[in-house]
Amino acid sequence: MRQLTRFVLSALLLLLAFSRPAAAQPAAGELVQAQGQLVQDLSGHHWKLKRMRPGQGVAEGLHQLPPADLETHVWISASIPGDVYTDLWKAGAIDDPYYGRNSMKAQWVMYDEWWYALQFNVSEDVGDRLVRLEFDGVDFSCEVWLNGHHLGRHEGAFSRFAFDVTDVLNTARDWQKGRNLLMVRLDPPPQVNHRVVGLKTPWFGDYWRDLVPFGIWRPVRLVATGRLRIDDVYLKSELHDDGSATVHAEVTVENHTDTPAAVTVPIRLTGKNCDAEPAETKITATVQPGKTVLKTTIDVPHPQLWWPWDLGKPNLYRAHVRLLRKDGRESDHHTTTFGIREIRMAWNPGFTRDEVSFPRTVFINGKRHFIRSACWGGPPDIFVGRTSPAEYRRLIEMARAANMNNIRIFGWHPPEIPEFYEYCNELGLTVWQDVIPLGTANISQDPAFLERIYAEAVAVIRERRNHPSLILIEGGEEAFLRADDPAFTNAFLLELGRRLHEHCDLPYVPDSPLTDANARSVGYKPKEAVHALAYFYGMGRWLMEDWYSELDYPIVPELAITSVPSVESLRKFIPPGELWPPGPSWGHHWADLDRLRMQNFDAFGDKRTGSLEEFVNATQDAQGIIFQLAIEHFRRRKPRTSGIALCHYITYWPDMKWGIVDAYQQPKRSYEYVRRAYQPLLVNLQFDRRRWRADETFAARLWVVNDFYRQFTDTRAVIEFRDETGAVLDTREIPVGDIPGDSSASYAEVDWDIARRVVDHFDIRVRLLAPDGTELSANTYRLLIGDQAAAAAKMKRMGEALRARLREFDYGNYYRFFPKITAENPDEAWQSANEIPRARGF
């Protein structure tokens with residue numbers, strides 16, 4: 001326990017000073033001792049919200065309301081972190097934007113400014129301490145007043161900002177004189193992504209509708225420190241051949257006095273979730289007014305390394321950093337969590353430098369990390385007031401349970417909250433991240449605007465760089481795809497990487513996939529990566545196995561196919577009268593009804609439209625089958641291929657598009673297919689088609705992929721062939737023998753005479769067993785009885801009909817599914833609100 005000093009005694013007085021006033025006077029939080037600082041969390045349910053026309057709030061004088069006034073108590077109740085739409089929905093001002101087509105009715109919200117107000121008390125003078133008002137994130141632009149004093153303005157959804165409020169804070173034992181009123185005016189959110197790209201999450205794309213999110217989406221707090229404070233701590237590790245490690249520490253100190261100050265900075269490393277030997281060092285320096293970066297190294301003779309869960313234990317350390325004045329008194333204290341680990345990239349074997357520009361294989365602490373990933377698709381709710389850290393925890397645990405070892409945050413989605421990375425750190429999942437969202441956007445060439453983007457990206461990476469889970473960073477997401485000026489786009493993305501590397505040493509790739517014509521025109525190569533989306537967007541050109549079997553790339557940042565949420569989830573956002581046959585709300589929530597029926601046909605030889613339950617389950621199984629077979633194809637190519645990311649894992653509103661876990665955190669049936677395909681030790685079959693004639697002999701090869709770094713000895717495979725009822729028709733046992741660690745290999749040929757013993761389909765169950773009979777891996781397949789060529793021809797005809805319809809309607813226009821809406825037959829056009837248009841084909 002620290003020696004009791006005059007600073008701690010004064011801190012205890014300040015702890016009392018920030019206490020909650022009488023119950024009759026609502027206020028935010030209480031000041032608590034946290035990391036050697038005095039912190040009052042201003043987040044929570046004490047906030048109030050008011051709508052004003054743009055410019056009206058200041059004209060009316062809202063920013064000058066007396067701090068002890070009761071006027072804000074009749075405003076709309078609000079919560080921080082949160083968003084405007086959720087606060088309005090809870091208050092009954094708008095209908096649930098997720099339900100039916102209600103989002104169209106809520107568009108008025110984004111054309112007004114919204115004022116957030118909070119009252120709180122400070123009952124003692126803060127003395128010579130520095131008090132800062134800190135905002136972790138406001139989406140998108142705001143102005144802030146405290147007690148009528150204009151503190152400043154901020155733009156940018158992802159960067160933290162703060163104000164020195166020492167001189168404008170009301171402090172007194174009398175609660176009325178110690179009352180404070182914080183006012184935050186949110187501007188109407190931007191309507192043109194091009195003007196805010198990289199500074200705000202895109203609000204368009206083929207899984208959201210035109211409703212721009214905004215709000216105070218991350219916590220707000222008061223922090224009291226000495227006049228010398230720790231602004232940032234950065235820790236990066238270096239491993240040595242003798243097994244030891246060196247931790248390089250950078251401590252940024254802010255001197256808020258007018259004179260140089262002598263400081264001592266003790267740093268102590270301890271194990272957080274492991275029994276690590278403590279290590280420590282001390283920096284002695286003189287810091288000038290302003291910011292100073294102090295650097296040192298810490299030797300760790302026996303480090304407990306951080307690993308992804310399938311390669312080892314995700315061991316974590318805490319770094320305890322104190323900032324001591326010349327007289328030995330503590331001015332500030334900071335604790336951060338980090339991991340000792342080393343990232344190295346290697347070139348994928350089999351690809352030449354004429355085909356690829358970047359090494360794409362990740363080695364962590366010297367071991368290959370084959371990436372089994374999914375694009376995050378989050379946050380869990382695009383209206384962040386509807387989610388919680390508990391939901392994040394559940395979702396990341398579910399990703400781990402699905403055998404994922406990585407989550408990719410790609411450039412249509414924001415950098416995540418601290419809890420996301422903390423849970424990934426603890427559970428041993430790595431993170432592959434587009435630093436800021438630059439999804440498919442032309443970027444202004446104005447130098448001042450570019451500097452804003454660079455500054456936002458630097459702020460994002462500096463906040464997250466200590467997380468050991470963060471292993472890969474990218475600049476853009478399909479940034480070249482629609483670029484008007486590819487040369488400028490390339491220069492911008494390369495400069496972005498250079499700026500980021502001034503603050504971290506993580507591997508960086510400018511964009512994904514880098515194989516489109518614009519990217520090729522500035523020198524990128526034909527095999528950089530693949531966004532495996534062509535099966536969906538080009539539906540009808542192939543049967544699934546004819547598509548994925550031709551894909552040969554070092555890495556797959558996106559592998560996409562769609563499905564519909566469960567009937568239970570559908571009932572939460574589709575009005576009862578539109579559930580079946582599908583009504584317009586299905587289209588509004590991005591159900592591509594033509595493609596869903598087609599992928600059902602590909603998977604089952606039938607569109608499965610007999611009932612709501614049959615259709616929904618079929619779409620999820622079809623999604624799962626396509627994901628399973630494509631994943632296995634890429635995993636068999638290891639080490640030539642080094643990673644796969646499905647698109648997506650979750651969805652941020654109740655859509656009917658990519659996720660394998662729906663907006664209510666319910667796993668779809670496809671989740672189980674992915675869990676099997678992502679087993680670190682995977683027994684699997686390679687076959688060239690899914691349809692076989694009843695008089696043919698089924699033929700395949702038995703493969704085992706092992707992502708573990710341990711050998712399995714004397715193994716055997718047991719293969720069962722089952723008919724439509726589940727009855728076992730035949731069983732084969734195949735000696736497999738020893739399976740090396742970090743391997744992928746074919747072990748045997750498998751054939752089975754169908755002999756007309758099944759009519760519609762047959763199932764195959766494959767198990768890999770240890771010598772004692774323990775099941776090491778298990779897999780299942782469903783094969784169809786049918787004519788492959790005839791199925792391909794039918795799929796092609798359906799695809800031609802789909803593309804013919806799209807010549808009349810753009811892709812985002814879901815009216816094409818509803819003949820009454822489009823008045824294909826004028827005599828049957830939609831004429832009455834009492835009618836519900838129904839989708840064709842159901």
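Biologist: Where is the place of Pro581?

Modeller: Pro581 lies in the loop between α11 (567–573) and α12 (584–588). Helices are DSSP runs of H or I with at least four residues, strands are runs of E with at least two, and both are numbered from the N terminus. This is a predicted model, where local features need pLDDT of at least 70, side-chain atom pairs need 80 or more, and totals for chains, interfaces and linings use all residues. Residues are numbered from 1 along each chain as its sequence is written, and side-chain values use heavy atoms, without hydrogens or water.

Biologist: Is the bond from Trp580 to Pro581 cis or trans?

Modeller: Cis, with omega near -15°. The bond from Gly378 to Pro379 is cis too. Omega there is near 15°. Pro379 is in the loop between β22 (371–375) and α4 (389–401).

Biologist: What does the side chain of His413 reach?

Modeller: The backbone oxygen of Gly378, at 2.7 Å. That is a polar contact: N or O atoms within 3.5 Å, one able to donate a hydrogen and the other to accept it, with sequence-adjacent residues counted only if both atoms are side-chain atoms.

Biologist: Is His413 buried or exposed?

Modeller: His413 is buried because its relative accessibility is 1%. Buried means under 20% relative accessible area, exposed over 50%, and partly exposed in between, using a 1.4 Å probe and protein chains only. His413 sits in the loop between β23 (406–409) and α5 (418–427). Beyond neighbours within four places in sequence, its contacts (heavy atoms within 4.5 Å) include Thr201, Tyr207, His648 and Tyr652.

Biologist: New topic. Which residue other than glycine has a positive phi?

Modeller: Asn147 is one, with phi near 55°. Asn147 is in the loop between β7 (141–146) and β8 (149–155). Asn147 is buried, at 13%. Asp714 also has a positive phi, about 55°. Asp714 is in strand β33 (residues 712–722). Asp714 is exposed, at 52%.

Biologist: And helices? How do the axes of α13 and α16 cross?

Modeller: At roughly 175°, coming within 11 Å, for α13 (residues 593–604) and α16 (residues 788–806). So α13 is roughly antiparallel to α16. Angles over 145 degrees count as roughly antiparallel, under 35 as roughly parallel, 65 to 115 as roughly perpendicular, and the rest as oblique. Axes are lines fitted to C-alpha atoms over the stretch in contact, with angles from 0 to 180 degrees between N-to-C directions.

Biologist: Which residues in α13 meet α16?

Modeller: Asp594, Arg595, Met598, Phe601 and Asp602. Their partners in α16 include Met795, Met798 and Leu802.
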